[in-house]
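Q: Please take a close look at the side chains of this model, with regard to their charges and their aromatic rings.

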Amino acid sequence: MLIEYKKAKICQKDGITVLNDVDFHADNGEFIYIIGKVGSGKSTLLKTIYNELDIDEAEMAQVLDYDMLTLRRKYVPALRRQMGIVFQDFQLLSDRTVYKNLRFVLKATGWKNSQEIDERIDQVLTDVNLLDKKDKMPHELSGGEQQRIAIARAILNSPKLILADEPTGNLDPQTADGIIQLLRQISQTGTAVIMTTHNIALLDKYPGIVYHCHDEQLQEVTSDYNKVIITDESETKNEIES
């Protein structure tokens with residue numbers, strides 16, 4: 001099991017509880033969606049997985065064989081090297097080319113051989129169909145291309161796990177569709193993908209395991225996620241009208 005949370009309590013940095021009694025797990029090759037209203041805890045959950053936030057208490061909280069309740073700061077880089085993280089706003093370094101963005105990551109994670117670095121960069125850019133953009137600056141790329149580069153960056157070290165926080169949020173529907181196809185292809189190689197999203201149409205087109213954040217609870221709703229979506233939309237409408 002790559003992730004195993006049992007009865008976990010998750011809070012924001014200010015101590016406000018976001019999720020209670022969280023039971024959540026992920027294994028090799030699984031494609032997992034996390035849905036829910038804005039502020040329901042989706043991104044906060046992901047932050048505990050890559051140790052941006054601590055877990056306050058739990059019966060069990062393990063990520064990639066690390067005990068997240070006792071994890072010491074010096075081991076956090078080793079944990080993160082086993083996962084890739086993809087953000088909605090891409091977070092590419094704007095002052096350097098695609099090649100140098102990817103090279104920076106490899107050098108920072110211990111790669112030293114220049115030929116091996118170049119070969120790995122060419123490989124991941126080929127995987128995302130952007131080898132011809134290697135020498136481009138981020139601002140010269142479309143939003144979809146930037147997100148593909150962000151995914152290439154995430155898979156550089158052949159991670160066991162990819163965390164994608166609203167990766168299609170800034171993209172048009174056709175481009176978003178391509179990004180999900182790419183993430184699905186990656187999951188089929190054995191890498192687990194956990195993705196937060198508001199784009200519910202994707203769940204119908206690309207089925208996966210679905211968890212729902214709501215009222216400080218995280219619940220698996222794979223078989224009936226359409227019901228909870230209707231509830232969320234109804235509550236949001238009532239909040240706006242009031």
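**Charged patches and ring pairs**

A: Lys100, Arg103, Lys107 and Lys112 together form a positive surface patch (over 30% relative accessible area, no salt bridge within 4 Å, like charges joined within 9 Å; 1.4 Å probe). The model is predicted, with local features needing pLDDT of at least 70 and side-chain atom pairs 80 or more, whereas totals for chains, interfaces and linings use all residues. Residues are numbered from 1 along each chain, and side-chain values use heavy atoms, without hydrogens or water.

Lys112 counts as exposed because its relative accessibility is 67% (buried is under 20%, exposed over 50%).

A patch of negative charge on the surface gathers Asp21, Asp23, Asp56, Glu57 and Glu59. Two or more residues of this negative patch come from each of β2 (17-26) and β4 (55-57). Asp23 lies in strand β2 and, with a relative accessible area of 38%, is partly exposed.

As for the rings, the structure holds three aromatic pairs (centres within 6.5 Å; planes under 30 degrees apart stacked, over 60 edge-to-face, the rest tilted). The ring centres of Phe24 and Tyr211 are 4.8 Å apart and their planes lie at 65°, so this pair is edge-to-face. Phe24 in strand β2 and Tyr211 in strand β10 (residues 209-214) are 187 residues apart, so that the pair links distant parts of the chain. Both Phe24 and Tyr211 are buried. Phe31 and Tyr33 also pair edge-to-face, with centres 5.2 Å apart and planes at 70°. Phe31 is buried at 6% relative accessibility, and Tyr33 is buried at 0%. Finally, ring pairs join Tyr5, Phe24 and Tyr211 into a cluster.

Key:
Patches are made of residues with over 30% relative accessible area and no salt bridge: like charges are joined within 9 Å, nonpolar side chains (Val, Leu, Ile, Met, Phe, Trp, Tyr) within 5 Å. A salt bridge is a side-chain nitrogen of Lys or Arg within 4 Å of a carboxyl oxygen of Asp or Glu. Lys and Arg count as positive and Asp and Glu as negative; His and the chain ends are not counted. The place of a charge is taken as NZ of Lys, CZ of Arg, CG of Asp or CD of Glu. Buried means under 20% relative accessible area, exposed over 50%, partly exposed in between (1.4 Å probe, protein chains only). Helices (H or I, at least four residues) and strands (E, at least two) are DSSP runs, numbered from the N terminus. Rings of Phe, Tyr and Trp (its six-membered ring) pair if their centres lie within 6.5 Å; planes under 30 degrees apart count as stacked, over 60 as edge-to-face and the rest as tilted.
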